[in-house]
Amino acid sequence: MATPHINPNLIFLIFLSLLAITSAHVFFEERFEDGWENRWIVSEWKKDENMAGKWNHTSGKWNGDPNDKGIQTSEDYRFYAISAEFPEFSNKDKTLVFQFSVKHEQQLDCGGGYMKLLSGEVDQKKFGGDTPYSIMFGPDICGHTTKKVHAILSHDASNHLIKKDVPCVTDHLTHVYTFILRPDATYSILIDNEEKQSGSLYTDWDILPPKKIKDPEAKKPEDWDDKEYIPDPEDKKPEGYDEIPKEIADPDAKKPEDWDDEEDGEWTPPTIANPEYKGLWKPKEMKNPNYKGKWKAPMIDNPDFKDDPDIYVYPSLKYVGIELWQVKSGTLFDNVLVCNDPEYAKKLAEDTWGKQKDAEKVAHEEAEKKREEESKDNPVDSDDDEDADDVEGDASDEESSADTDEDGAASDEAHDEL
Ligand SMILES: *[C@@H]1O[C@H](CO)[C@@H](O)[C@H](O)[C@H]1NC(C)=O
């Protein structure tokens with residue numbers, strides 16, 4: 001009888017993967033299953049003015065799994081604010097992962113699909129555009145110019161926009177947006193588990209003044225030759241060049257038969273441009289042998305830079321919230337995650353969006369077909385609905401000003417920035 005033999009490598013692998021699973025810490029995870037309403041508080045912001053939009057718990061008009069619901073904005077021209085609380089934590093010495101999925105079922109002219117992380121104590125019933133936040137992240141579309149992923153970081157009570165451009169997806173399918181912030185102050189932005197942007201908090205935001213600056217005292221040396229090309233001294237003007245006239249008498253012109261020299265004066269033929277004429281002579285250009293390149297001031301340490309090793313730290317994260325203005329509703333959020341493990345987040349995305357995306361695409365195509373057929377049968381109804389984003393782009397740019405006026409400084413900055 002053979003004794004069972006277990007490969008020690010296998011045991012080690014199992015041990016490693018257990019370690020990986022147990023080290024993932026999930027601070028908040030919301031799949032919007034039953035009971036979600038106990039965790040989320042709809043704000044009363046804009047209610048008095050009848051401008052607070054209602055959320056719909058649904059999987060939307062097309063989806064990859066009708067039982068997997070999220071929350072969707074359901075009324076046009078409305079403000080939306082909703083938030084959920086989690087046990088307060090600090091991301092010091094930890095990786096922070098903030099992830100969720102968004103689907104825009106409407107022809108989105110102007111509207112956000114971003115979420116916020118908030119710190120400290122927030123009166124959730126009053127959560128709105130002016131409520132300070134720590135991180136705002138996610139797609140924003142407005143007119144033709146703004147189609148980007150926001151990553152706004154608050155530091156010392158001011159909001160800093162990412163300086164790099166990160167385009168967002170503009171179709172009508174679910175996409176997963178992930179923001180990863182690491183203790184070495186590096187970050188990554190992922191869409192559908194693919195990295196779209198990465199870098200450092202030091203360089204990609206103006207949170208701190210830059211570490212190095214151009215030496216303001218430095219001057220270009222007098223003898224610095226920064227002309228890349230010079231006239232070729234060997235090139236000589238060809239003999240007789242200056243004698244070539246610009247215009248010549250038209251050789252084809254003939255004196256009219258009825259021309260009377262006595263009455264009409266002496267006949268002179270009209271002039272035409274001389275095909276031989278080559279303009280003012282200029283010597284050929286040649287590479288300057290003394291060219292030193294463009295002069296650049298040397299970089300020096302910035303005296304205004306004071307390092308803050310905690311540049312990435314949010315010591316009291318406690319809420320996740322959605323606060324939006326929507327011209328057209330139909331934005332659906334799902335699978336909100338705040339954790340410390342990018343692998344866990346990746347797996348969640350694969351298990352939800354990844355498994356459903358193909359079926360969702362098919363469902364969307366079918367819905368499109370159906371809509372097209374209906375609009376053929378019923379052409380009057382068709383134009384208030386869909387496929388008008390090109391035409392309506394300009395109008396919606398104006399709508400965005402409603403957003404920026406009402407929406408507090410951050411969104412204001414956000415839209416203005418482009
Ligand atoms: C909620 O969404 C579903 C699916 O799109 C839709 O049929 C329903 O009318 C919506 N309900 C409200 C109140 O908007």
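Which residues does Leu337 touch, not counting residues up to four places away in sequence? I looked this up and found Phe28, Glu29, Val97, Gln99, Phe100, Ala345 and Leu348. Contact here requires C-beta atoms, placed from the backbone, within 7 Å.

**Ground rules.** I note that the model is predicted, that local features need pLDDT of at least 70, that side-chain atom pairs count only at pLDDT 80 or more, and that totals for chains, interfaces and linings use all residues. Residues are numbered from 1 along each chain as its sequence is written.

**Confidence.** I checked pLDDT, the predictor's confidence in each residue, from 0 to 100. The chain averages 87, and 85% of the residues score at least 70. Over residues 382–418 the pLDDT is below 50, and this stretch has 57 contacts in the model beyond near neighbours in sequence.

**Whole chain.** I found eight helices and 22 strands. These are DSSP runs numbered from the N terminus: helices are H or I with at least four residues, strands are E with at least two. The chain has 418 residues, and 32% of them are buried. Buried means that 20 or more other C-beta atoms lie within 10 Å of the residue's own; exposed means 12 or fewer, and partly exposed is in between, with C-beta atoms placed from the backbone. Of the contacts with a separation of 6 or more, 76% join residues 24 or more positions apart.

**Core.** Back to Leu337. It belongs to the largest nonpolar core, which has 65 residues. Leu337 is among the members that touch the most others, together with Phe98, Leu117, Phe137, Ala151, Phe179 and Val338. Such a core is a set of buried Ala, Val, Leu, Ile, Met, Phe, Trp, Tyr and Cys residues joined through C-beta atoms within 7 Å.

**Ligand shell.** I listed the residues around the ligand: Asn56, Thr58, Gly60, Lys61 and Ser74. The criterion is a C-beta atom, placed from the backbone, within 6 Å of the molecule. By class, the shell has four polar residues, one charged residue and no nonpolar ones. Ala, Val, Leu, Ile, Met, Phe, Trp, Tyr, Cys and Pro count as nonpolar; Asp, Glu, Lys and Arg count as charged; the others, Gly among them, count as polar.

**Annotated positions.** An unreviewed UniProt entry places the feature "binding site" at Tyr114, Lys116, Tyr133, Asp140 and Glu323. Such annotations may be inferred rather than shown by experiment. I looked at two of these positions. Asp140 is in strand S9 (residues 135–142). Asp140 counts as buried because it has 24 C-beta neighbours inside 10 Å. Glu323 is in strand S21 (residues 317–326). With 27 C-beta neighbours inside 10 Å, Glu323 is buried too. Leaving aside neighbours within four places in sequence, Glu323 contacts Tyr80, Ala81, Lys116, Phe127, Gly128 and Gly129.

Where does Asp156 lie? I found it in the loop between strand S10 (146–155) and strand S11 (158–161). Ala157 lies in the loop between S10 and S11 as well. Phi is near 50° for Asp156 and near 65° for Ala157. Asp156 has 8 C-beta neighbours inside 10 Å, so it counts as exposed. Ala157 has 6, so it is exposed too.

**Asp225.** I placed Asp225 in the loop between strand S15 (212–214) and strand S16 (229–231). Asp225 is partly exposed because 14 other C-beta atoms lie within 10 Å. Its C-alpha atom is 5.4 Å from that of Tyr291, 66 residues apart along the chain. Not counting residues up to four places away, Asp225 touches Asn288, Asn290, Tyr291 and Lys292.

Technical notes: Two residues are in contact if their C-beta atoms, placed from the backbone, lie within 7 Å.
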